[in-house]
Amino acid sequence: MWDVTALDQVRIRFYVMTSEHTHEDTVKFFEQHQYFNFIKEDVFFFQQGTLPCLTTEGKIIMASPFEVSTAPDGNGGMYRALRDSHALDHMKK
């Protein structure tokens with residue numbers, strides 16, 4: 001049987017993956033909503049990486065004559081993003 005008196009001591013860590021385009025707005029949204037009653041230190045934001053955009057023929061898409069177009073690397077890049085952002089270290093604590 002659970003000791004319900006201990007439930008107020010339970011802390012849930014919440015990890016939020018964003019992209020370079022959504023990061024600032026997502027953090028602001030959480031701030032505006034008081035982190036949805038999570039403890040601020042228990043909410044960890046990390047950005048996913050990006051990859052070059054390619055045509056269906058495999059050619060690189062350019063954003064400008066001197067800049068390669070990129071897009072978020074998706075769920076497949078989550079593990080690298082967790083490592084690079086130090087979220088894994090945060091989880092170990």
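Here is a quick tour of this model, from its helix and loops to its surface and salt bridges. The model is predicted, so local features need pLDDT of at least 70 and side-chain atom pairs count only at pLDDT 80 or more, while totals for chains, interfaces and linings use all residues. Residues are numbered from 1 along each chain as its sequence is written, and side-chain values use heavy atoms, with hydrogens and water left out.

**Helix α1**

- Helix α1 runs over residues 23-32, and its buried residues are H23, T26, V27 and F30. Buried here means under 20% relative accessible area, exposed means over 50%, and partly exposed is in between (1.4 Å probe, protein chains only). Helices (H or I, at least four residues) and strands (E, at least two) are DSSP runs, numbered from the N terminus.
- What do the buried residues of α1 pack against? Their partners are β1 (14-18) and β2 (43-47), with contact meaning heavy atoms within 4.5 Å.
- Setting aside neighbours within four places in sequence, T26 is in contact with V16, T18 and F45.

**Positive phi after the helix**

- Most residues other than glycine have a negative phi, and most peptide bonds are trans.
- Just after α1, Q34 takes a positive phi of about 50°.
- F36 lies in the loop between α1 and β2. F36 is not a glycine, yet has a positive phi of about 50°. Its relative accessible area of 39% makes F36 partly exposed.
- N37 lies in the loop between α1 and β2. N37 is not a glycine either, and its positive phi is about 70°. At 76% relative accessibility, N37 counts as exposed.

**Around L51 and S69**

- L51 is found in strand β3 (residues 50-52), and at 45% relative accessibility it is partly exposed.
- Not counting residues up to four places away in sequence, L51 touches S69, T70, A71 and D73.
- L51 and E20 are 31 residues apart in sequence, and their C-alpha atoms are 12 Å apart in space.
- S69 sits in the loop between β5 and β6 (70-72). Is S69 buried or exposed? S69 is buried, with a relative accessible area of 17%.
- Leaving out neighbours within four places in sequence, S69 is in contact with L51, P52, C53, I61, M62 and A63.

**Nonpolar surface patch**

- Which residues make the nonpolar surface patch of about 360 Å²? L54, I60, M62 and V68 do.
- Patches are made of residues with over 30% relative accessible area and no salt bridge; like charges are joined within 9 Å, and nonpolar side chains (Val, Leu, Ile, Met, Phe, Trp, Tyr) within 5 Å. Accessible areas come from the Shrake-Rupley method with a 1.4 Å probe, and for residues only the protein chains shown count as cover.
- V68 lies in strand β5 (residues 67-68) and is partly exposed, with a relative accessible area of 35%.

**Salt bridges**

- How many salt bridges does a search of the whole structure find? The search finds 5. A salt bridge is a side-chain nitrogen of Lys or Arg within 4 Å of a carboxyl oxygen of Asp or Glu.
- R11 pairs with D42, the closest N and O atoms being 2.7 Å apart. R11 lies in the segment before β1 and D42 in the loop between α1 and β2, so the pair ties together parts that are 31 residues apart in sequence.
- R11 is partly exposed at 45% relative accessibility, whereas D42 is buried at 3%.
- R11, R13 and D42 are linked in a network of salt bridges.
- R80 forms a salt bridge with D73, with the closest N and O atoms 3.5 Å apart. R80 is partly exposed at 44% relative accessibility, and D73 is buried at 15%.
- D84 and R83 meet through their side chains in a salt bridge (3.0 Å, N to O). D84 is partly exposed, with a relative accessible area of 47%.
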